[in-house]
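Take a look at the model below. We will walk through it one part at a time.

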Amino acid sequence: IYILGIETSCDETAASVVKNGKEIVSNVVASQIMSQKRFGGVVPEIASRHHVEQITIVIEEALAVAGLTPKELDAVAVTEGPGLIGALLIGINAAKAFAFANGLPIIGVHHIAGHIYANMLMQPMEFPLLAIIVSGGHTELVLMEEHGAFTLIGETRDDAAGEAYDKVARVLGLPYPGGPQIDKLAAESDGQVEFPRAWLEPDSYDFSFSGLKSSVINYKHNLEQRGGKVNPAHIAAGFQASVVEVLTTKALKAAKEFQVKQVIAAGGVAANKGLRASLEEAFHQEEIPFYVPPISLCTDNAAMIAAAGSAMFLDGIRGNLAMNGKPGMPLVSWKSEK
Ligand code: ATP
Ligand code: MG
Ligand code: FE
């Protein structure tokens, strides 16, 4: 089974062909990072314009690399939401046109289901499974009893982890996107500032990162007021230590409570070296199988959308040409859609 995946929810225009839900045949990503850098973030209008310019090229490239004609595909899977509405619509309309022209079914994929299913491209999923989702817009612990069944057991009450990384990076004067910059500074740092941990209520699997962000801003401000010299590496390391400790501790507790067979990490922040090392060590000690995809499959891509689309296809899920972009789409089980 060959599925063409299309992803345009934010600032990556991506298309990919995945075979049997697990084998990447092609994976093309056109990033807009260079252009978004000038504005210190993603400007929706500019993102949409880039998608329009890139989408056809990217889809053609994905097919060319795969060496397949459209007729050899079984379905088109496209990110239906959540994301920027103008950006989503470009991928969705391209998918609709492609599906209609080639007589293929179309499947709408939740972007976060995609991040989770990036893991299927690496190893089979084993249930019950705990997914640690840490991305630009989401920080969630999701329990899965079977394919397509998502139960939210905790989420951020304010900023997402990636959002916190990007905001703190901006405070430190680092270029967009800030996550990789902080990661690098933290790894090279020879010390760290102590920042608080947001544990919330003892039995809660929720997260909060806005207090930590404020602590960083206040620390820097107060130090500058006193004429002190700011050490960005120490701040980056201290900030990252707080994020990583809370994420690792809560994920480990959840994995034990729900007695999962496998833990996976997903989303752009799962590319973080410090977080990967911490999770790997914690789960290794408890002898709970833990996996995180290579960095290129953690950040936005279309192979993950094709992978989730493949699992949906096998479950008999089909969309139709009335599909619309869903900017605030909730992660609901696709089992209930049938
Ligand atoms: P969402 O998936 O929630 O809709 P998004 O698609 O914009 O949001 P992703 O592309 O999954 O988010 O991830 C981008 C985020 O990951 C950015 O906030 C970026 O700073 C962060 N990020 C990328 N690499 C790293 C890293 N090495 N360390 C920390 N954060 C990182
Ligand atoms: Mg992105
Ligand atoms: Fe994403």
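Two residues are in contact if their C-beta atoms, placed from the backbone, lie within 7 Å. Keep that rule in mind for the whole tour. This is a predicted model, in which local features need pLDDT of at least 70, side-chain atom pairs count only at pLDDT 80 or more, and totals for chains, interfaces and linings use all residues. Residues are numbered from 1 along each chain as its sequence is written, while chains are lettered from A and ligands numbered from 1 in the order in which they are written.

Start with three residues from a record. An unreviewed UniProt entry lists His111, His115 and Asp300 under "binding site". Such annotations may be inferred rather than shown by experiment, and their positions follow the numbering used here, with feature names shortened. The three are spread over 190 residues of sequence, yet they cluster in space, with a largest C-alpha distance of 8.9 Å.

Take His115. It lies in helix 4. Helices here are DSSP runs (H or I, at least four residues), numbered from the N terminus. Is His115 buried or exposed? A residue is buried if 20 or more other C-beta atoms lie within 10 Å of its own, exposed if 12 or fewer, and partly exposed in between. His115 has 30 within 10 Å, so it is buried. Beyond its neighbours within four places in sequence, His115 contacts Ile133, Ser135, Ala266, Gly267 and Met304.

Now Asp300. It sits in the loop between helix 10 (295–298) and helix 11 (303–314). Asp300 is buried because 27 other C-beta atoms lie within 10 Å. Neighbours within four places aside, its contacts are Glu7, Cys10, Glu12 and Ala14.

Next, ligand 1. Of the 24 residues around it, Gly136, Gly137, Gly162, Gly179 and Gly268 come nearest. To be counted, a residue needs its C-beta atom, placed from the backbone, within 6 Å of the ligand. Helix 4 (111–117), helix 5 (161–171) and helix 6 (178–188) are the elements that give two or more residues to this shell. Helix 6 gives the most, with four residues.

Move on to a helix pair. The axes of helix 8 (residues 232–257) and helix 9 (residues 273–285) come within 10 Å. Where do the two helices meet? Gln240, Val244, Leu247, Thr248, Ala251 and Leu252 in helix 8 meet Gly274, Leu275, Ser278, Leu279 and Ala282 in helix 9.

Finish with Gln225. Its place is in helix 7 (residues 210–225). Gln225 counts as exposed because it has 8 C-beta neighbours inside 10 Å.

How values were computed: Axes are lines fitted to C-alpha atoms, for helices over the stretch in contact, and angles run from 0 to 180 degrees between N-to-C directions.
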